[in-house]
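Subject: Structure for you to look at, with notes

Dear colleague,

I am handing over the structure we spoke about, and my notes follow below it. Please read them with the structure open beside you.

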Amino acid sequence: MTRFAVPGRIAVSEQAAVWQTATLTEIRRETPRAATFRLAVPGWAGHLPGQHLMLRLTAPDGYVAQRHYSIASAPDDSGHIELTLDQVPDGEVSGWFHTVARPGDTVEVRGPLSGFFAWPGDRPALLLGAGSGVVPLMSMVRHHRARGLTVPLRMLVSARSPEELIYAAELGAETTPVFTRSAPPGVAVGRMTAAHVAPILAEQPATGWEAYVCGSNGFAEHASRLLVAAGQPVERIRIERFG
Amino acid sequence: MNVTRGFTGRPRVHNPGLPPGQYDARDDWPVLSAEVTPDLAPADWSFRVDGLVERPHTWDWDAAHALPASAYEGDIHCVTGWSKFGVRFGGVSLDAFLNVVRPRESATHALAYSHTGYTTNLPLADLTGGRAWIVWEYDGAPLPPEHGGPARLVVPHLYFWKSAKWIAGVTLLDHDEPGFWERNGYHARGNPWEEQRYSGD
């Protein structure tokens, strides 16, 4: 039987218990369905790539809606954090962000939360994401670039089409996109397969990869099976499923 | 109160079964495990209770099924915010297992562990008195692997990360020992009615 007892990557701070006011400073469209929301949080304790936060909106009658969102930005962002949100059909929180929110609005956040999916930038990282599952992985890619880290980092990211690929203009040589519905001329259309994963595992660093998988449960099941089949140890696969 | 400009939210439904900060997931049952779903057949499954007990014991699939059947019908609550109403789990009450091993007076807490190595801690009092089950059926069908099949722990009055999937055993202790998520910042007990989500709540 395989063993999972994978420890967290960092100690988690008690600061996460405090709700803080976050002020929306900028909205950037990423794809037809996704946009990035930049928030000023002066008391932000800092986070590691891969961590998430809890966010809440409050109606005039006191009704509260709260959701967990992955942090998209790298840690070194002086009191700012960025979230990239899909507009979910009938989503009361994502719907507010996409149709009502404007710079100057305030929301409340607490975090960062959970040290399990965090990447401090120490171990070689193999990132597999789909759709908005690329968001916490992009925080890792940005951190890697911002710090000029030399530790190996590779990313496989699945999207329906080039138009739906979040952060497309920002992706570099570390990233291989996989398109499931339509692709640019000369690029295959289809799911992520063993053929995408095997070459990366074949050229793994001496210490092996720490694998981070993020996306829907369907994608997480598929991608984690590909990794296991290609020889990645189960205890070095960290999964964040969007539910 | 920090009102969000222009936010109205979903139509208000008075639902006394919904703990604070939760929403009704309706037909959804999100899967949120942090590890690879194990390939675990019923024939390879076992469940052990040990630690501060008179007679440590291990049950295989058939032996566990020979205990008196017991079902949970009610609600479940996940720390990520969704609650699910009117679920039906079939299995055996944890009391039936504890009656065999006989906990010692000194046992106050438990560490539940999975066949994957996942762990979660609970006060022993949360596992007794008809409030916890080992289940292998959901809605009359075998529990799917993604949801912890072939068998999982169900402790429905606490946030659902306490209901360890792919349950392999429970060790009784005389102290509280944080499990997997509890070491990653989650609350030691996780009572949804007191919104004990994270350490410090």
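B:Thr108 sits in the loop between helix H2 (94-101) and strand E6 (109-114) of chain B, where helices (H or I, at least four residues) and strands (E, at least two) are DSSP runs numbered from the N terminus. Leaving aside residues up to four places away in sequence, B:Thr108 touches B:Pro123, B:Leu124 and B:Asp174, a contact being two residues whose C-beta atoms, placed from the backbone, lie within 7 Å. B:Leu98 is 10 residues from B:Thr108 along the chain, and their C-alpha atoms are separated by 13 Å.

Before going further, please note that this is a predicted model, in which local features need pLDDT of at least 70 and side-chain atom pairs count only at pLDDT 80 or more, while totals for chains, interfaces and linings use all residues. Residues are numbered from 1 along each chain as its sequence is written, and chains are lettered from A and ligands numbered from 1 in the order in which they are written.

The predictor gives the complex an ipTM of 0.92 and a pTM of 0.94. For chain B the mean pLDDT (the predictor's confidence in each residue, from 0 to 100) is 96, and 100% of the residues of chain B reach 70 or more.

Chain B

Chain B holds three helices and 11 strands, which run β-β-β-α-β-β-α-β-β-β-β-β-β-α from the N terminus on. A compact globule of 201 residues would have a radius of gyration near 17 Å, and chain B agrees with its 17 Å; the radius is taken over C-alpha atoms, and the globule rule is 2.2 Å times the number of residues to the power 0.38. The C-alpha trace of chain B spans about 60 × 35 × 30 Å along its principal axes, and 45% of the 201 residues count as buried. Among contacts in chain B between residues at least 6 apart in sequence, 66% join residues at least 24 apart.

An unreviewed UniProt entry lists residues 37-181 of chain B as "domain: Oxidoreductase molybdopterin-binding"; UniProt positions are given in the numbering used here, feature names are shortened, and annotations may be inferred rather than shown by experiment. Over residues 37-181 the chain is 10% helix and 41% strand, and the end C-alpha atoms are 17 Å apart.

Chain A

Chain A comes to four helices and 11 strands. Its radius of gyration is 18 Å, close to the 18 Å that the globule rule gives for 243 residues, so chain A is as compact as a globular protein of that length. The C-alpha trace of chain A spans about 55 × 45 × 35 Å along its principal axes, and 46% of the 243 residues count as buried.

Helix H2 (residues 134-146) of chain A is mostly covered, with 11 of its 13 residues buried, among them A:Val134, A:Leu137 and A:His144. The end C-alpha atoms of this helix are 18 Å apart, which agrees with the 18 Å that 13 residues should span at 1.5 Å a residue, the expected span being 1.5 Å times one less than the number of residues. After H2(A) comes A:Gly148, whose phi is positive, near 60 degrees.

In H4(A) the buried residues include A:Phe219, A:Ala223 and A:Leu227, and what covers the buried residues of this helix includes strand E7 (125-130), helix H3 (194-202) and E11 of chain A. H4(A) is followed by A:Gly231, whose phi is positive, near 105 degrees.

Where the chains meet

How many residues does each chain bring to the contact? The contact takes 43 residues from chain A and 34 residues from chain B. Among the elements that give two or more residues to the side of chain A that touches chain B are strand E3 (52-58), helix H1 (92-99) and helix H4 (217-229) of chain A, while E4(A) gives the most, with five residues. That side of chain A divides into 21 nonpolar, 13 polar and nine charged residues, where Ala, Val, Leu, Ile, Met, Phe, Trp, Tyr, Cys and Pro count as nonpolar, Asp, Glu, Lys and Arg as charged, and the others, Gly among them, as polar.

With best wishes

Definitions and conventions. Buried ≥ 20, exposed ≤ 12 C-beta atoms within 10 Å, placed from the backbone.
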